[in-house]
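This report describes one protein model for a reader who is new to structures. Please look at the sequence and the model first, then read on.

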Amino acid sequence: MKPRERDGSARDLSQRARALEVSPTVAMAQRAAALRTAGHSVLDFSVGEPDQATPKHISQAATAALDAGRTRYTGAAGLPELRAAVAARHAKDFGVSFAPEEVAITIGGKQALYLAGQALLDRGDEVVIPSPHWPTFSEAVHLAGGKPILVRAQEKDGFKVTARMISKATGPRTKAVLINSPCNPTGAVVDPEDLLVIGDMAVRRKFTILYDDTYARLTFDGRHQSALGAVREAAGERLVILGTASKSYCMTGWRIGWVLGPRALVDACTALISHSTQSPATFAQVGAVEALTGPQKFVTDLRDEYQRRRDFVHPALAAIPGVTCVVPAGGFYAFPNVGRHLSPRWPDTLALGLDLLDETRVAVVPGEGFGAPGYLRVSFARPMEELEEGVRRIAGFLAGRRGD
Ligand SMILES: Cc1ncc(COP(=O)(O)O)c(C=O)c1O
């Protein structure tokens with residue numbers, strides 16, 4: 001829903017504000033919250049955050065920072081020790097080398113994306129976005145005056161984004177290509193060979209790769225984002241990484257993210273931060289230093305736990321008659337195709353999703369918001385018992401209503 005549709009006073013809003021779409025994730029979560037307020041218990045698979053608590057040692061570092069009086073502003077680019085920790089973590093985990101001065105700390109990955117858009121794009125600049133895609137990608141491009149060019153990944157190809165697809169979608173106005181691997185919502189991972197070709201292409205065709213690695217530490221079946229170091233070598237300053245502590249460290253509410261990229265871009269982001277938010281909360285930044293420099297076993301345990309859940313959810317959804325589902329290679333979302341269940345009663349997955357919620361108290365996100373009508377995004381960042389019961393309800397709902 002756009003703000004102008006909500007009430008008459010919206011006529012005074014800027015065109016920019018009026019054009020904004022409210023995320024479908026938020027819309028569904030609001031409906032689920034309303035049901036809960038009315039006393040119903042809802043199995044909520046619309047969520048985009050881990051169900052586990054932030055590890056204790058991270059919270060303790062932040063509390064100690066508060067007790068020690070670390071309650072003042074930090075520099076707009078963030079605490080120097082956090083900038084260094086982000087650079088070191090990326091070097092260690094993904095073999096990419098960035099200097100601390102090439103890192104700015106942001107209020108979550110969302111601000112990192114917003115800032116990169118503001119710093120890079122002029123009106124009419126094109127950004128290639130493989131789709132199905134996280135809706136905030138296209139909104140961040142719109143907010144910066146840019147033009148999203150959606151390029152469709154296909155279910156029959158496992159929703160893989162290939163260098164060929166990107167090559168066909170780029171043109172003289174292409175300023176950036178957005179790569180999100182593993183992808184929200186499909187869970188697809190870009191093959192290292194394709195990533196390298198895209199890196200070379202970025203240099204030859206002079207575009208920036210905006211690489212969103214939000215779910216990079218949550219890849220399954222022994223996959224590793226090892227190509228990133230080679231892409232950095234090939235693409236150099238044309239590689240910009242947008243990241244966050246939110247998912248791998250269970251820190252969604254802490255609001256800590258980062259941009260890694262060339263000095264000019266990082267300095268521009270820092271200037272934008274200095275005139276808007278100043279910095280993320282100081283004690284939250286201290287907690288993030290502990291997350292990145294402390295023990296990492298928690299992260300691998302988290303990944304193993306999500307793989308275990310994926311191993312249940314994927315086959316269970318794919319076994320429902322009339323449903324197909326690509327195996328998620330990372331992240332914590334399954335993206336089943338329920339297109340064969342659409343009918344005059346449920347012309348789209350928004351209608352189907354709302355009925356599913358009202359009738360079975362199971363919340364999922366309709367595919368339309370991800371540019372993928374006919375699909376549902378099912379988060380498996382929920383406890384196993386809830387997933388078992390939820391999938392059972394989804395299967396019963398679709399079985400009971402087929403052919404309506
Ligand atoms: C692909 C992707 N990028 C970035 C983010 C940003 O997360 P945050 O702002 O919590 O760091 C999200 C959150 O859902 C995401 O799915």
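How many helices and strands does the secondary structure of the protein chain come to? The count is 14 helices and 12 strands. Helices (H or I, at least four residues) and strands (E, at least two) are DSSP runs, numbered from the N terminus. The model is predicted: local features need pLDDT of at least 70, side-chain atom pairs count only at pLDDT 80 or more, and totals for chains, interfaces and linings use all residues. Residues are numbered from 1 along each chain as its sequence is written.

**Overall form**

The radius of gyration of the protein chain is 21 Å, close to the 22 Å that the globule rule gives for 404 residues, so the chain is as compact as a globular protein of that length. Here the radius is taken over C-alpha atoms, and the rule is 2.2 Å times the number of residues to the power 0.38. Along the principal axes, the C-alpha atoms fill a box of roughly 60 × 55 × 50 Å.

Of the 404 residues, 48% count as buried. A residue is buried if 20 or more other C-beta atoms lie within 10 Å of its own, exposed if 12 or fewer, and partly exposed in between, with C-beta atoms placed from the backbone. Among contacts with a separation of 6 or more, 72% are between residues 24 or more positions apart. Two residues are in contact if their C-beta atoms, placed from the backbone, lie within 7 Å.

**Two domains**

The chain is divided into domain 1 (3–53 + 298–401) and domain 2 (72–293); such bounds come from an automatic or database domain assignment. The centres of the two domains, taken over C-alpha atoms, are separated by 25 Å. In the contact between them, 34 residues of domain 1 meet 32 residues of domain 2.

Which elements give two or more residues to the side of domain 1 that touches domain 2? They are helix 1 (15–19), helix 12 (297–318) and strand 9. Helix 12 supplies the largest share of this side, 6 residues. By class, this side of domain 1 has 18 nonpolar, 10 polar and 6 charged residues. Ala, Val, Leu, Ile, Met, Phe, Trp, Tyr, Cys and Pro count as nonpolar, Asp, Glu, Lys and Arg as charged, and the others, Gly among them, as polar.

Strands of a sheet pair through backbone hydrogen bonds, either parallel or antiparallel. In this model, 3 strands form an open sheet in the order 9-12-11, with antiparallel pairing. Strand 9 (333–334) and strand 11 (365–366) stand at the edges with a single partner strand each, so one side of each has no neighbour in the sheet. Two strands pair if DSSP finds at least two bridges between them. Strand 11 is joined to strand 12 (residues 376–379) by 2 bridges. Pro366 stands opposite Leu376 in strand 12.

**Around the ligand**

Of the 13 residues around the ligand, Gly108, Gly109, Lys110, Thr244 and Ser246 come nearest. A residue is near a molecule or strand if its C-beta atom, placed from the backbone, lies within 6 Å of it. Helix 5 (residues 108–120) gives the most to this shell, with 3 residues. The shell divides into 1 nonpolar, 10 polar and 2 charged residues.

**Loops and backbone angles**

Pro55 lies in the loop between strand 1 (43–44) and helix 3 (56–67). Is Pro55 buried or exposed? Pro55 counts as buried, because it has 22 C-beta neighbours inside 10 Å. Leaving aside neighbours within four places in sequence, Pro55 is in contact with Cys250 and Phe298. Pro55 and Cys250 are 195 residues apart in sequence, yet 7.6 Å apart in space, C-alpha to C-alpha.

| Bond | Omega | Loop holding the proline |
|---|---|---|
| Ser131 to Pro132, cis | about 10° | Pro132: between strand 3 (126–131) and helix 6 (135–143) |
| Ser181 to Pro182, cis | near -10° | Pro182: between strand 5 (174–180) and helix 8 (192–205) |

Phe159 has a phi near 60°, a positive value in a residue other than glycine. Phe159 is in the loop between strand 4 (147–152) and helix 7 (163–169), and counts as buried because 24 C-beta neighbours lie inside 10 Å.

Gln278, also not a glycine, has a positive phi of about 75°. The loop between helix 10 (263–274) and helix 11 (282–293) holds Gln278. With 12 C-beta neighbours inside 10 Å, Gln278 counts as exposed.
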